[in-house]
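Me: I have a model open and would like to go through its fold with you. Could we begin with the strands?
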Amino acid sequence: MYSLFTYAGNKSKFQNIIQKYLIDTYSYNNIDICIDLFAGTSGFFNVVQDKKQFKHTILNDLNTSITTLLSTIKDKKEILILEVEKELNYIKNKYSVIDTQEKSQDWFFNRLEKLNFLEDKKDYDNTLLSTYFLLLNSVSFGGNYETNNGISNIPRSTDLKKYKTMNSLIIKKVEYYNNIYQKNNAVICNEDYKTIIRNYGYEDILYLIDPPYISSNSNDIKGCVSNYKNGDNFNHLELLEELDMFQSFIYFNNKHIVIDDIISAYDIKYKEIERKTTSSNQNYLKLSDFEYMLYR
Ligand SMILES: C[S@@+](CC[C@H](N)C(=O)[O-])C[C@H]1O[C@@H](n2cnc3c(N)ncnc32)[C@H](O)[C@@H]1O
C-alpha cells in the first residue's frame with residue numbers, strides 16, 4: 001500500500017489496528033459516506049477504503065497546497081504526470097542524476113522557491129504547484145513539513161537515496177491515488193473542519209478525524225500547540241468535546257490527560273497504541289511513547 005509521501009501523522013503505520021477496528025465494529029455497516037476532516041496526504045482514508053468502498057467521500061484539509069495536489073491527482077492526472085515527467089527529464093538533462101549534496105541542494109532550493117512563489121501568488125489551479133509540492137515532499141526530511149500563512153516550509157533531506165523515489169514510483173502513486181479517489185467518488189475540500197461538519201451533520205457518515213497532534217509534554221490544553229501554523233493554535237478541546245455528537249468516527253492523537261477526561265465523560269471506545277520508536281525504552285515508557293485511537 002502506497003503512501004503519497006511521508007507526512008506528519010500519516011496513518012499507514014496503523015494499518016492493522018485501523019482495519020481491525022473496521023472489522024470489529026458493525027455500527028456503520030450501512031454507512032456509505034466517509035468524511036476525512038483532516039485529510040493531509042489521505043493516508044488515513046487510504047487505509048480505511050482498503051476495507052470498505054464508499055458511495056461518497058469528502059477529503060478536507062485547511063492546507064491549500066495539499067488540497068490542490070489531491071484535486072490535481074483526482075481531476076488532472078494526465079497533465080500532472082506530464083509535468084512530473086518533464087521535471088524528471090529536466091533533472092536528467094541538468095544533473096544526469098542527483099547524487100551529491102550540492103546537486104540536491106541546488107535543485108531542492110530552486111524548486112522550493114518556485115513553489116513558494118506560486119503559493120504566495122495563490123495560483124492554486126497550477127499543475128506546477130502540485131508537481132513541485134509532490135516532488136519536494138517526496139525527498140524531504142519527512143514529518144517535519146510546516147506551513148506558515150500558506151507558504152510551505154519543506155526541510156531538505158540529506159539522504160540522497162530519497163532522490164531515487166523520484167522515478168516511476170511517483171507516477172504509480174499518482175495513478176493509485178487517482179484510482180481510489182475515483183472509486184470512492186471523492187470531493188476535495190479546503191475548509192476549516194467546522195464548516196464541513198456544519199454542512200454535513202453527524203449522522204450516517206463515518207468521520208475520520210486526525211487533527212494536528214497535541215503536544216504530549218503539556219499537562220493541560222493550554223500548552224497544546226499545533227505544528228501546522230495555520231493561523232491560531234488548534235483548539236483541541238473544542239473538537240474533543242464535539243466527539244460525542246458523531247454517530248461513527250475514528251479519532252487519533254497523542255495520549256494526553258485531556259483526552260483521558262473525554263474518554264471517561266462520554267461513551268467512546270479507545271485503544272492505547274505504543275509508538276514503536278528506536279528510542280523507546282521498554283522499562284521506562286513516557287507519555288509521548290503512546291497514541292490514542294478513539295472510535296465509535
Ligand atoms: C495529522 S495531519 C493529518 C494526516 C493525514 N491523516 C494523513 O494521512 O496524511 C493534520 C492535518 O490537519 C490539517 N488542519 C489543521 N487545522 C485544520 C482545520 N482547522 N481544519 C481542517 N484541517 C486542518 C493540517 O493541514 C494537516 O494536514
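Me: How many bridges join strand β7 to strand β9, and do they run parallel or antiparallel?
Reply: Five bridges join β7 (residues 248-254) to β9 (residues 290-295), and the two strands run antiparallel. This is a predicted model, in which local features need pLDDT of at least 70, side-chain atom pairs count only at pLDDT 80 or more, and totals for chains, interfaces and linings use all residues. Residues are numbered from 1 along each chain as its sequence is written.

Me: What counts as a strand or a pair here?
Reply: Helices (H or I, at least four residues) and strands (E, at least two) are DSSP runs, numbered from the N terminus. Two strands pair if DSSP finds at least two bridges between them.

Me: Which residue of β9 is the bridge partner of I250?
Reply: The partner of I250 is Y295.

Me: And how many bridges join β8 to β9?
Reply: Six bridges join β8 (residues 269-274) to β9, again antiparallel. Within β9, E291 is the bridge partner of I273.

Me: What is the strand order of the open sheet?
Reply: The sheet has seven strands in the order β5-β2-β1-β6-β7-β9-β8, with mixed pairing. Its edge strands are β5 (186-189) and β8, each of which pairs on one side only. From one strand to the next, the twist averages 15 degrees; angles run from 0 to 180 degrees between N-to-C directions, and axes are lines fitted to C-alpha atoms, for helices over the stretch in contact.

Me: Where does the parallel part come in?
Reply: Strand β1 (residues 33-36) pairs with β6 (residues 206-209) in the parallel sense over three bridges. There, I35 has Y207 in β6 as its bridge partner.

Me: Which helix packs on the sheet, touching β1, β2 and β5?
Reply: That is α8 (residues 193-200), whose direction makes about 155 degrees with that of β2 (56-60). Two residues are in contact if their C-beta atoms, placed from the backbone, lie within 7 Å.

Me: Changing topic: at what angle do α4 and α7 cross?
Reply: The axes of α4 (residues 77-95) and α7 (residues 168-183) come within 10 Å and cross at roughly 170 degrees. The two helices are therefore roughly antiparallel to each other. Angles under 35 degrees count as roughly parallel, over 145 as roughly antiparallel, 65 to 115 as roughly perpendicular and the rest as oblique.

Me: Which residues meet there?
Reply: K77, L80, I81 and V84 in α4 meet I170, I171, V174 and N178 in α7. The residues of this contact divide into six nonpolar, one polar and one charged. Here Ala, Val, Leu, Ile, Met, Phe, Trp, Tyr, Cys and Pro count as nonpolar, Asp, Glu, Lys and Arg as charged, and the others, Gly among them, as polar.

Me: Finally, which residues come nearest to the ligand?
Reply: G9, F38, G40, T41 and G43 come nearest, of 23 residues around the ligand. A residue is near a molecule if its C-beta atom, placed from the backbone, lies within 6 Å of it. The shell divides into 11 nonpolar, eight polar and four charged residues.
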